[in-house]
Amino acid sequence: MEVENGASAGGDDVDADIIAKTCLLGGFSEANETRSILSSLPEVHGDQRTTEHVTQRFLVIMNGYQEQPHLLDPHLEWMMNMMLEYVRREDCPPSLLHLSFKFLYIICKVRSYKIFMQILPHEVSDVEPVLQMISRQDPKDLETWETRYMLLLWLSMTCLIPFDLSRLDGYLMSTGGKKEDLVMNRILAIAKVSKVKQKCLGEFLDWSLTMISQSRDTSVRDMVLDGALQSLAKLFKHGKRDDLLQYAPTVLQCLEQKRLSESTEAMLRKLNVKLIQRLGLTFLKPRLAAWRYQRGSRSLVANLSMSLQSSSGAAQTPQDSDEQEEDYDIPEELEAVIELLLIGLKDKETIVRWSAAKGIGRVTGRLPKELADEVVGSLLDCLSFQETDSAWHGGCLALAELGRRGLLLPSRLKDVVPLIVKSLTYDEKRGACSVGSNVRDAACYVCWSFARAYEPKELEPFVSQIASTLLITTVFDRNINCRRAASVSSGTFPHGIDIVTAADYFAVGNLNNCYLNISVFIAGFPEYTKCMIDHLTAMKINHWDCAIRELATKALHNLTPQAPDYMATTVLPQLLKMAGDTDLHSRHGAILACGEITHALYKVALQTNRYSYMRVLCAQAAVVSALSALCEGYYQDETDVLVSQYTEGLKSPQILTRCGSARALGCLPKVMIHNKLSQILEGLEQMCTITQKEGSFTEARRDAVRVIAQVCAKAGVCAHGRPDSVLCSENAAEVFGVLLSCLNDYTMSSRGDVGAWVREAAMTSLMELSILMASSAPDVLVPELVKPLMCCLAQQAAEKIDRYRAHAIKVFLRLLHSTDPAIPHIPHREELLHIFPTVASLNWKAPSEAFKYITQLLGLPEYQYHTLLGLSVSVGGITESTVHFSSQSLFDFLKGIQGDSETLGQFGDTLLRIFRDSLHNDRVSVPLLKMLNQLLNNSCFEIFTTQENHQFCVDILDLCKEFKKSKDISKLSACVSVFCGLIQFQGKVRKRVLSQLLLLLCHPFPVIRKTTANQMYEMLLTYDDIIDAEILEDVMTCLSDTNWLSDLAIVRTHRNQLCDWLEVPRPQLVAKVTVYHY
């Protein structure tokens, strides 16, 4: 390793639907800037640096319209005309030509080529210039591919216009500037070659199959393999069957040997399926199956004439006569085609399954009836519970395609409909969530296609079964797309018009509305009442999503008046059995459902005077709020047993047992807490302590924190009381200490900052206890308790999460402005009241409003440390709005103290103290480095830079050097930025900073070497006076031209050259010493 200078180295309510919010644009607001950029292309195309800057700015503007590209439509034509004007000039330099086409490609990429190509000029006069420009391009030049792309797109548009071939009597210029043959002569020379098709088709197919066979790694997307597959698919789609039939077996054999269906690249598997289906269509003669089921005609005139001739409107049912089918041999290869398509239906990617389903539909349409029925049988095998959700989805898509094309005969409906009904409610649990929404969506598509493919009399036996399940999906499906798909498909069933009116596209978008309102309306039709109740009982109250379980129980409450007898005699007994289930989801849902149905039956009994329901309700007593009264009335003699049992439950390895035990302790009456307060608080305090094993018990710690306040409130406060019975002077400090320590709970999990739940509960509990103590025994609330409380609240009020920051500010203001009782000993009360004069109704969640108040606390010595600690996380965070407003407020504060060197020095000392305390805490150290970089870049310590070897710079440098052994890329990158900011300080410390940067140029991580070189280059551009002007250009050239990602041996040579130029000692390699023990 290298060392410097050769030295030795040492739970709230959550809506189930996700509502996406975005910033909608009103128009192309950068039109004037874009016009200016495009006008500058002739001047900047020769300067690579300026060209990169202009191109990057244009990319930023265009990418802002990726989600709303239609806003560019009124401006596309003038932008295109400006750039085509450049490329049409005879004296247009190649650099300007390529730059113009690159800009055209950027616009085309954002707006999509299908839209953009429609506005391209397509006059006959454009054909020859486009051909001329294409002929000048080098296909092997990878830097100008955008030019060739746009020229081919332009040519494809001009070729669509019919014109006289005499218009192509011009010349194409060769690369040497000489005229070649007439364009038309060159075209005719190719067209007159005899048997072009026979000569070139075989060669092209041989080349394509060679490319497919020689491609080795199918785990990545090979562009040549991709292009070969796409070309073959287009060829077999548009080519004549007679010309391609002889080659089809060879192509199929090549694909089978390549086994592209096993590739990990989804696009290759899709193209493989696409080509296979085209090969299958090539093997079969193009014809419409005479046996297919036909309902009406595609011609409106024919349909009207048929309706006049016959009012029955019967569908054309095929006759099983051999005359309607032309007998011919089915090639053996077709079996392989069908098998590969069936495999494609089970692919893990939707695009592959969808392509395979369409292929099944197309191929089946050319098969004889018997073979087509075998295909249907194979599809039904996909819908078995031994198959994955991908197979179910693919099978449903294929059945929908067959039904839409009339290839699924009515005789098969009795086999298909039960499977489709199962698909409509398909939901497989996978870990903490489930899969199957795509299956349900495809099943809705099947129902939609059936309703439009078959006559009503064909579907009549199955209407009740399909309609019930489809309506259940409409109102109870968790996925919004499935609900909307089912809503669209349900209009052809009993009461369909009324139901679709109530459950339209927009109405089913809200999950609460579906469960609580629309379900009640649909249940008003007797056909659907019991099936909806049964579905909720069997499928939804045991759902893995807590929000769905709760909504299901509320829906059962609302549906109870529709069938009270059924609920009381059938549903409730089932739920009581489920309440004892070992599955926690089922138990939770069943208990909630029992309570909701019981409540609903009670209201029904009051309204109808039918008190027979009350006998059923006797078994459903509400127990949640009864524990306190129950213990007070019957268990006063069992206090020791109950308290011991619950405190032991706080140590359980089961999180639900811990939470339940903590809540039970909070429900105990005051008489049972008396003489047991110390035991209860000890158990709760131990559960609040974070250990490595208990890091996942966040919910339990949150509940424990809440219960501490509840227990203390019930026990009461007395300054000179016994700590075993009341909150007093002896135990108040311990209780406050535990709650204050919970404000440092920053536990992270896959759900994010779950420790915030504990911090929020701790802030609330501290506020409640402070107000309780101030009103009952103010002497207990000593300054040693109030000061850390207010400081910790200030820290939480300065942090990055909007919700918890707002909660901290509200608690802070509640304590500050409390008058009855008033909270004593608040540090700097008068200054705080000046900063926060009234409890204004500000939106404290908004960074733009909160931070301008919070940063004023930096001027109060007691609050400076904790406020700056919280601000460090916000300023150095990743949320753009939080970073912007917090940093701006911090800069404004520092700007106000720039003239006071003593105050700025105190601020610097506080910053250094936070840095030292958080040196090994990545949650703070990395954002702190980012904040420090911003402060240095904004010249916030400019008064220090005028002094040589200022101690602030020296201390920052020493602290940053502690991270040199870190393997955290983000931390090392932040250190590099800080080093570059410290270069502005004068004295010997500047050489030490340069030494650290040069050391990082040979860091083992290539990305750190590259980052350091880039940062140093930008540093020298900003502070060009820190080194001699004579070597400045050489240093910057070395930094920019060296490939810092290459091997260390190569990089070290360039780094050492930089050391010599900058007069910094070269870092020395130190061999690792191996110690042998004898």
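# A tour of selected salt bridges

Begin by selecting R701, which is buried, with a relative accessible area of 1%; here buried means under 20% relative accessible area, exposed means over 50%, and partly exposed lies in between (1.4 Å probe, protein chains only). The model is a predicted one, in which local features need pLDDT of at least 70 and side-chain atom pairs count only at pLDDT 80 or more, while totals for chains, interfaces and linings use all residues. Residues are numbered from 1 along each chain as its sequence is written, and side-chain values use heavy atoms, with hydrogens and water left out.

**First stop: R701 and D745.** D745 and R701 form a salt bridge whose closest N and O atoms are 2.9 Å apart (a salt bridge is a side-chain nitrogen of Lys or Arg within 4 Å of a carboxyl oxygen of Asp or Glu). The two residues are 44 positions apart and link distant parts of the chain: R701 belongs to helix α37, whereas D745 sits in the loop between α38 (732-742) and β6 (748-749). Helices (H or I, at least four residues) and strands (E, at least two) are DSSP runs, numbered from the N terminus. D745 is buried, at a relative accessible area of 1%.

**Second stop: D703 and R663.** Next, select D703 together with R663; their side chains meet in a salt bridge of 3.4 Å, N to O. This pair also connects distant parts of the chain, 40 residues apart, with D703 in helix α37 (residues 698-715) and R663 in helix α34 (residues 655-667). D703 is buried, with a relative accessible area of 2%, whereas R663 is partly exposed at 48%.

Move to D955, which forms a salt bridge with R916 at 3.7 Å between the closest N and O atoms. Helix α49 (residues 951-960) holds D955 and helix α46 (residues 901-917) holds R916; the partners are 39 residues apart and link distant parts of the chain. D955 counts as buried at 15% relative accessibility, and R916 is partly exposed at 45%.

Select R663, R702, D703 and R706, which salt bridges with shared partners join into one network. The search of the whole structure finds 28 salt bridges.

**Last stop: confidence.** Colour the chain by pLDDT, the predictor's confidence in each residue, from 0 to 100. The protein chain averages 83, and 86% of the residues score at least 70. Over residues 1-22 pLDDT stays under 50, and the model has 42 contacts there beyond four places in sequence (a contact means heavy atoms within 4.5 Å). Residues 611-626 also stay under 50, with 18 such contacts. Where pLDDT is low, the predicted coordinates should not be read in detail.
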